[in-house]
Amino acid sequence: MPFIVYLDETGDHNMDKITPEYPVFGVVMVVVEADVYTRSIIPAFCKMKIEFFGHEGVIFHSYDIRKKYKEFACLNDRVKSERFIAQANALMSMEYT
């Protein structure tokens with residue numbers, strides 16, 4: 001069975017000069033069956049993107065979300081922001097089959 005693998009990093013890999021505002025470096029990997037990805041995960045995230053942004057072309061970058069930058073400026077609305085975070089957390093916590 002084929003798999004989809006995503007690998008990403010966060011923070012600053014420069015250990016010589018640690019940034020006090022974000023003294024973190026992490027690497028995360030997700031491995032998921034391709035069928036589960038196409039059947040369950042993509043539709044769930046597309047639905048959320050359309051609900052909040054009106055299209056599915058938005059890329060979820062944590063920096064933009066945290067800073068409410070670019071497309072995520074709409075999250076300056078507290079109610080919308082709380083709903084977005086709750087829904088994102090639910091999607092990340094969901095067990096996909």
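The model is predicted, so local features need pLDDT of at least 70 and side-chain atom pairs count only at pLDDT 80 or more, while totals for chains, interfaces and linings use all residues. Residues are numbered from 1 along each chain as its sequence is written, and side-chain values use heavy atoms, with hydrogens and water left out.

### Overall form

The C-alpha trace of the protein spans about 45 × 40 × 20 Å along its principal axes. The radius of gyration, which is taken over C-alpha atoms, is 16 Å, whereas a compact globule of 97 residues would have a value near 13 Å; the globule rule is 2.2 Å times the number of residues to the power 0.38. Some further values for the whole protein are listed below.

| Property | Value |
|---|---|
| Accessible surface of the protein (Shrake-Rupley method, 1.4 Å probe) | about 7400 Å² |
| Part of the accessible surface that belongs to carbon and sulfur atoms | 58% |
| Part of the contacts with a separation of 6 or more that joins residues 24 or more positions apart (contact: heavy atoms within 4.5 Å) | 43% |

### The nonpolar core

A nonpolar core is a set of buried Ala, Val, Leu, Ile, Met, Phe, Trp, Tyr and Cys residues joined through side-chain atoms within 4.5 Å. The largest such core has 17 residues, and I41, M48, F53, F72, F84, L91 and Y96 touch the most other members. Both α1 (34-53) and α3 (78-93) supply at least two residues of this core, and α1 gives the most, with eight residues. When residues up to four places away in sequence are not counted, Y96 touches V36, S40, I41, A44, F45 and L91.

### The loop residue E71

E71 lies in the loop between α2 (62-67) and α3. With a relative accessible area of 37%, E71 is partly exposed, a class that lies between buried and exposed (over 50%). Leaving aside residues up to four places away in sequence, E71 touches F53 and V58. The C-alpha atoms of E71 and T38, which are 33 residues apart along the chain, are separated by 25 Å.

Methods: Buried means under 20% relative accessible area, exposed over 50%, partly exposed in between (1.4 Å probe, protein chains only). Helices (H or I, at least four residues) and strands (E, at least two) are DSSP runs, numbered from the N terminus.
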